Amino acid sequence: MNEGKQWVKRTRTVTPSQRLLPLWEENQLAQVSRPRVDLETKEAKILFRQVSQHIPSTTYGVFGLYRYPAKFIPQVVDYIIEHYASPDDVVIDPFAGSGTTGLVARLHGLSYELWDLNPLLEVLHRVSIMPPPRLSTSDLENLIREMRSCRHRFSPAWSNISYWFPPEVLQLLERVFGWFHRLENETIKLLCTVPLLKTMRLFSFNDPQRQKLCRSPRSMSRVASLMQGDWREHFFALLKKEIEVVLKKLSEYQTLMNNGGREVHAIIRAGVDALDVSKDVHSEWDLLITSPPYLQAQEYIRASKLDLFWLGYTEEEVRRLASMEIPYRPVPQIEIHSPTYHRWHQEIREKRLRLMFERYFHSVLSILTNLASCVRSRMFLFVGPAKIRANPVPIDRIFVEHFTHLGWEHEATLVDTIIARVLFRTQTNPATGLEDHRMHAEHLVILRRG
Ligand SMILES: C[S@@+](CC[C@H](N)C(=O)[O-])C[C@H]1O[C@@H](n2cnc3c(N)ncnc32)[C@H](O)[C@@H]1O
């Protein structure tokens, strides 16, 4: 990794008083957190969970508010901002998901812009940044009493809804969400959103162990055991507990604030197609920090369907959003400047897989190439493991080749070992019989404007 001055952005001089961290603290960090980069490959090993000192755990505060699929661990963004940002930098994340990039940027007092196809981004972001409301135990009990006695009903506009719940649970949910949708107090509404969604999911036949929305014998028996005895009482007790969890998480997040009193501006564009939006941008940002969608086996809109319908989205809206999801959508071709991409493309025999591979790179690179001309300093692209027919796809290398051709400098690729996602681990690659190191890691590609 580059030392000293090279950690400071080239485009603007940062005086010691403008640094995000006091110098002594920065020096301490430097000892533990600057990995050695291999001069040839520009790769370095890192454990973001260990080097980032500010955020105690991956699920601390609002970072553990909601289980969004394949979300950033906040320490990745924290590391980037600590080492590469100046206090007045503005950050963009075009695939923001649950909004981790913005939530970490806010801790440091940086302004940010977040985009995502998934409309959940908007509500999750609004919940996460709100100051924790002061509620006494009796306030909370009154709230639950109000919910229980509500006579209004809300029925999701989804023809398939009864497939996912026992009929008596569905009836209860319709009343509780009837109360929710009529609420005028915005703070209470935000506070209750995630607890309602979580409790609704717990009482649904959806299996949370699967990546996609899916009913399983395991989840059916979970619901059956939840429904023994006075299950309605249990439902509201769980809901109350979840509200308390949100209150705690909001307070924890506020304790992490280290923004020097700077005012933060946030632009949130949820429910938008980044391919469309990136064609016509008039803004500029200093840093782009993002983790693009997975190459396969992840359908974010489908995974969010239950939540979206209960929040009031219609079947037609959800279908429209799903049709724009990467890599399942048709996309105009761009010129991809990567020999590795073209070699892989030729070697994939199966038409369906080749099409998905093609769509993935044409859409992600098209968006990032459009945005690159509006990024003043650096791009940070965090890519997870992906395989085609058991072969790990070198997504990071393809990104590096494309952008270095366009004049960006490849500064480093930091390789983080995945601890939590055992799902992807295999000892040997069945196709080659060789030990498969790439499958254990996620790659943070760091590109600097040349
Ligand atoms: C790996 S996730 C990002 C997770 C995020 N870093 C977080 O911490 O929650 C990739 C995101 O890309 C989004 N996505 C997929 N297709 C998209 C499109 N056409 N336009 C914008 N976002 C899209 C998905 O909805 C998903 O949230």
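**Exercise 1.** In which hand, left or right, does helix 3 pass helix 4?

*Solution.* Before starting, note that this is a predicted model, where local features need pLDDT of at least 70, side-chain atom pairs count only at pLDDT 80 or more, and totals for chains, interfaces and linings use all residues. Residues are numbered from 1 along each chain as its sequence is written.

Step 1: find helix 3 (residues 74–84) and helix 4 (residues 100–107); helices are DSSP runs of H or I with at least four residues, numbered from the N terminus.

Step 2: the crossing of helix 3 over helix 4 is right-handed, meaning that the near helix is turned clockwise from the far one by less than a right angle.

**Exercise 2.** Describe how helix 3 and helix 4 pack.

*Solution.* Step 1: two packed helices are described by the angle between their axes and the distance between the axes.

Step 2: here the axes (lines fitted to C-alpha atoms over the stretch in contact, with angles from 0 to 180 degrees between N-to-C directions) come within 9 Å and cross at roughly 45°.

Step 3: helix 3 and helix 4 are therefore oblique to each other; angles under 35 degrees count as roughly parallel, over 145 as roughly antiparallel, 65 to 115 as roughly perpendicular and the rest as oblique.

**Exercise 3.** Which residues of helix 3 and helix 4 meet?

*Solution.* Step 1: helix 3 brings Pro-74, Val-77, Asp-78 and Ile-81.

Step 2: helix 4 answers with Thr-100, Thr-101, Val-104 and Ala-105; contact requires C-beta atoms, placed from the backbone, within 7 Å.

**Exercise 4.** How many helices and strands are in the protein?

*Solution.* Count 16 helices and 10 strands; a strand is a DSSP run of E with at least two residues.

How values were computed: Two residues are in contact if their C-beta atoms, placed from the backbone, lie within 7 Å.
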